[in-house]
Amino acid sequence: MFEFTILILIPLLSSAVCYTIKNIRLQYSITLSVSALHLIFSLMIFIGWYQPNMPFYFSTDSLSKLFLLVLSNVYFWVVLVSFSYLKRPVASNSEEGKRYYFLLLNFYLFANTSAILSNHFGMYWVAAEGTTLSVAPLIYYYRNEEALEAMWKYLFLVSIGIAFAFIGILFLTLSAKGTSLEAQQLFFSEFVKKARELNPVWLKASFIFIFVGLSTKIGIAPMHSADVDATSNSPSPIAALMSGSLRITALLGVMRIFQIVRPTSTYEFAKIILIIGGLLSLLFAFIFMFKVNNYKRLLAYSSIEHLGIITLGIGIGGLAFVGAMYHIIYNSLNKVVLFFTAGNIHRKYKTREVEGVSSVLNILPWSGWLLLISFLAISAIPPFGIFFSELMIFEGMLFSDKPWLLAVTMFFLLFIFINMGKTLFQMLYKKNENEILPIEKERFEIIHFATIVLLILLIAIAVISPNILHENIINISKDFGIKL
Amino acid sequence: MELIKVIQGIISILVILVLAPMFAGLINKLKAIFTGRIGAPVLQPYYDLKRLYKKETINAKSSSFISVISPAINLVSVVIAAAMLPIGFARPIISFEGDIILFAYVLGLARFFQILAAMDIGSSFEGMGAAREATFAVFAEPIFFFTIGSIAFISGLTSIYDIYHSIRLDNVSYLVFIIVCSISVFFLAITECSRMPVDDPNTHLELTMIHEVMILDNSGIDLFLYQYSSYIKLFIYSILETSFFYPFGVRSYSVGVIIFVVVIATLSIALAISETITSRFKMKNIPQYLLFATAIGILNLLIYTFTK
Amino acid sequence: MQNVLSILFCLSLFYLAVTSRVKAYVTVLRFQGILLTVLLVFPFIHHFSIFALILPATLFIVKVMVIPRYINKIILDLDIKRMIEPTIQQFTFLLLVIFSMVIIFVASNILSKSTNIETIPFASGFSAIVVGIFVIIFRKKLIVHVTGFLVLENGIFLFGTAVASELPMMIELGTLLDIFVVVFLMGIAINKISSTLSGFDVTALGRLKD
């Protein structure tokens, strides 16, 4: 009950408290302490210093421990930089957005933690919808037309997608008809144990519905459009939160049903669906990278690309699966960094168009260099983590029964790298003729500190490769029946 | 016994032939009352028919023999159809296996000749009316087959008399099925008899008319035949509707007749009310209205057949 | 009884397909809410308990009273015109609905042979899901999209009763709450869209493109 209180009830409570308090600074300190507590506690659970025993429809396993840690890590850094972000001047009508900012963040933490820790499909659904509801108003932070449209599209499409996921859950109930699972609750753990008894036809239908429904939230092509709009038009901390943690929460649902499907005859089918989803995401990212001229959209497409790689890795299995798990961690860290620096650039240049941004390295040296480094990191340049995880995924692909996938993926990734690099280098180096260098240099802010820490973390995890993390990921692979 | 049945059958057809104009008059009277007018007397259709009968027939110069024969064919077909309908559980004089098809297509024949005659005259107005009638007939025909036809399909019987006899309301899903069917048939009746909201029989603008515009150039005996057959048609569809309402278990002739009278009276009120409260649809909305009735029929059939 | 309610449910879907008034959509939502409530209450007639009535009561409050009123209020406040502005002809739409319904009914009848499901509510629920999506695809007004979404949710609900999935009451209440909040947020968004983008339909949303 203790862990339940800390992880789930306290965020809810602090969200209520934020509603009553008018002072933003106070709200910030409450939210920050809650997030720190959450981070420490999920770290403790992850390392194993605390053996959790969750009540009701909640439980923990290796997978949810990992995802919980990723969530609290991203959330902590986002909250940390949020206050400096809120201090920035914005249009007058978006002042009211600040009032609910921390309330919604807290509610997001509550909903997302519930989703990750839930052991029940119904609970997962309710919580996942809760995350959509808390993020949607945050997307509308800037109170401008684009943000409004993005919010509407995100809210509407994701709600429909998640309704489809609910149909998938109902199909899962149907697949349990006539087995020992009938008339029982929809617990993941029970379903995983007795998956062999399930009716394959309905299980197949269930997998498709849940995958397609949740892919609106994960951002897997071709259901990615609302996600791209939302990520590119929301304020940078929220974009980081969505790319870093919300997408993988939705991925968790897909992984749960994938885990159930594994021992059944539907497994091969599900793998193919995941591979198709992954490849399509890469394809869409590949196509749109050619024509995109908005750097935040560029990053959003990069998110699509990396979630595509993760889905591909999960679909291929074997070593690629392990790589995908690592990739989840690295990608979430890296995306936070990218969106933070992109936010800094947006603050200075007041535009999201690539055309309007030039010689960032001279005008904003800190952000510029950090953007450059994090771009190298996301493009899988060693010694950053993504390099190692992608290497693992590629190795898994090469030794799987579909080695040609490697060639296709490499092709897509190469062009994505070239196009993304072209755009970002243009922003960083291109000189404008009538350019005036600012007198005062860019100040070192907390957002730069967060970025640097995250980048160091990105290298450190990869280089040191903590044993505890490795063990955890091996445990997840065992849960998914992957032989290494 | 056999003789009585034949007599009952003959009575049925006579009732239809004699009372049909009065039914139309009744609806008009009720409608007038509902809208706060005194209205024409109930027997007004008879006077109209008498007046038409006395007048001379003039056909357009451009018309051919089609215009001459079609009013008679129209009436005869409608009367044949009327002879197939049971009143008060009496076996009608024309009743055999498969007469449901004959019923549908005898009415179709009547319509065919009316359309043909309207085109024969060569007036653009009548051509337009014929086009409309033909278009809406396409959408109206499926309604019949998805209601009466689906009852036939379920019971396995193909004679109208037997089909109606097979209706037993002892099972809830069948009861619902029959009720929904009767709603569909009501839509059908409104369409086929050119009542509101599909067609306004009292309209004065040729552009908006469907049925009335086709007989614009007819006069005298021809018009008499057309009018009379349209009264009978209205009555036929009302009888189709009433037949759903014979409750389970009643198999005696006298009770059946009483029920017939009561239901016909109720139906005339229902028609009058629906004509009072609805306004005529736009011409382009009529197909979707008819498709709606078909949809109900299809749904009904689906649900009934798939109920375990 | 379930079948009767399902037939009424399907009839309401047909009505949805032919009507061209926004108000009628709201009425249909209300009607469907009542049907679902009756469907939930019905099993408890024989063994009555107050506890079992919590869910139907909440359903009634949310789906029959609160949400339709809220939508009506939006329509009134924003002075939304009463026509739904379809993008295809109503007739084609109805044909589409009929065809998909026939396919769904036949398919679910085939499926019911292998699995123990109640064909009629199953198929009706699924039809409502499909019709909800059609409404969203083939209508321009955003408020109509919201009603389409709610029809979809109603369909899922009916579908759920057909599958006889016994979700715990907490979670059922949670889903209801979620739906309510979604509609609430959508309402606010429509309000904002009408004031900042000055339009109530999807043509107002065309800014975000690649």
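# Three chains, questioned step by step

Student: Between which two helices of chain A does the loop with A:Pro222 lie?
Tutor: This is a predicted model, and in it a cis peptide bond joins A:Ala221 and A:Pro222, with omega at about 0 degrees. The loop that holds A:Pro222 runs between two helices of chain A, namely α8 (200-218) and α9 (225-233).

Student: Which residue is joined to A:Pro383 by a cis peptide bond?
Tutor: A:Pro383 also sits in a loop, the one between α15 (365-378) and α16 (385-398) of chain A. The cis bond there has an omega of about 10 degrees, and the partner of A:Pro383 in that bond is A:Pro382.

Student: Is A:Ser359 buried, exposed or partly exposed?
Tutor: A:Ser359 belongs to the loop between α13 (319-349) and α14 (360-363) of chain A, and its phi is positive, at about 40 degrees, although the residue is not a glycine. Because A:Ser359 has 16 other C-beta atoms within 10 Å, it is partly exposed.

Student: What is the phi of C:Glu85, which is not a glycine?
Tutor: C:Glu85 is found in the loop between α3 (54-78) and α4 of chain C, and it counts as partly exposed because it has 15 C-beta neighbours inside 10 Å. Although C:Glu85 is not a glycine, its phi is positive, at about 55 degrees.

Student: Which two chains have the most contacts, among the 2 pairs of chains that touch?
Tutor: Chain A and chain B can be set aside as a pair, since they do not touch and their nearest C-alpha atoms are 18 Å apart. Chain C, on the other hand, has 19 residues in contact with 15 residues of chain B, and 33 residues in contact with 36 residues of chain A. Of the 2 pairs that touch, the one with the most contacts is chains A and C.

Student: Which element gives the most to the side of chain C that touches chain A?
Tutor: On the side of chain C that is in contact with chain A, the elements that each supply at least two residues are α6 (142-163) and α7 (169-197) of chain C. With 13 residues, the element that gives the most to this side is α7(C).

Student: How many charged residues are on that side of chain C, the one that touches chain A?
Tutor: The side in question is made of the 33 residues of chain C that are in contact with chain A. Sorted by class, they include 19 nonpolar and 8 polar residues, and the number of charged ones is 6.

Student: Which element gives the most to the side of chain C that touches chain B?
Tutor: On the side of chain C that is in contact with chain B, two or more residues come from each of α1 (2-18), α4 (90-114) and α5 (119-138) of chain C. By class this side has 14 nonpolar, 5 polar and no charged residues. The element that gives the most, with 9 residues, is α4(C).

Student: What radius of gyration does chain B have, and does it agree or disagree with that of a compact globule?
Tutor: Chain B comes to 11 helices and 0 strands, and its C-alpha atoms fill a box of roughly 60 × 45 × 45 Å along the principal axes. Among its contacts between residues at least 6 apart in sequence, 77% join residues at least 24 apart. A compact globule of 308 residues would have a radius of gyration near 19 Å, so chain B agrees with it at 19 Å.

Student: How many of the 21 residues of α11(B) are buried?
Tutor: Helix α11 (residues 286-306) of chain B reaches 30 Å from its first C-alpha to its last, close to the 30 Å expected at 1.5 Å a residue. In chain B as a whole, 48% of the 308 residues count as buried. Helix α11(B) is largely enclosed by the rest of the structure, because the number of its 21 residues that are buried is 19.

Student: How far apart in space are B:Gly256 and B:Ser243, C-alpha to C-alpha?
Tutor: B:Gly256 is part of helix α10 (residues 253-277) of chain B, and it counts as partly exposed because it has 18 C-beta neighbours inside 10 Å. B:Gly256 and B:Ser243 are 13 residues apart in sequence, while their C-alpha distance in space is 9.8 Å.

Student: What ipTM does the predictor give the complex?
Tutor: For chain C the mean pLDDT is 87, and 98% of its residues reach 70 or more. For the complex, the predictor gives a pTM of 0.91 and an ipTM of 0.94.

Definitions and conventions. Residues numbered from 1 in each chain as written. Chains lettered and ligands numbered in written order. Predicted model: local features only at pLDDT ≥ 70, side-chain atom pairs only at ≥ 80, totals over all residues. Contact = placed C-beta atoms within 7 Å. Helix = DSSP H or I, 4+ residues; strand = E, 2+ residues; numbered from the N terminus. Nonpolar A, V, L, I, M, F, W, Y, C, P; charged D, E, K, R; others polar. Rg over C-alpha atoms; globule rule 2.2 N^0.38 Å. Buried ≥ 20, exposed ≤ 12 C-beta atoms within 10 Å, placed from the backbone. pLDDT = per-residue confidence, 0-100. Expected span 1.5 Å × (residues − 1).
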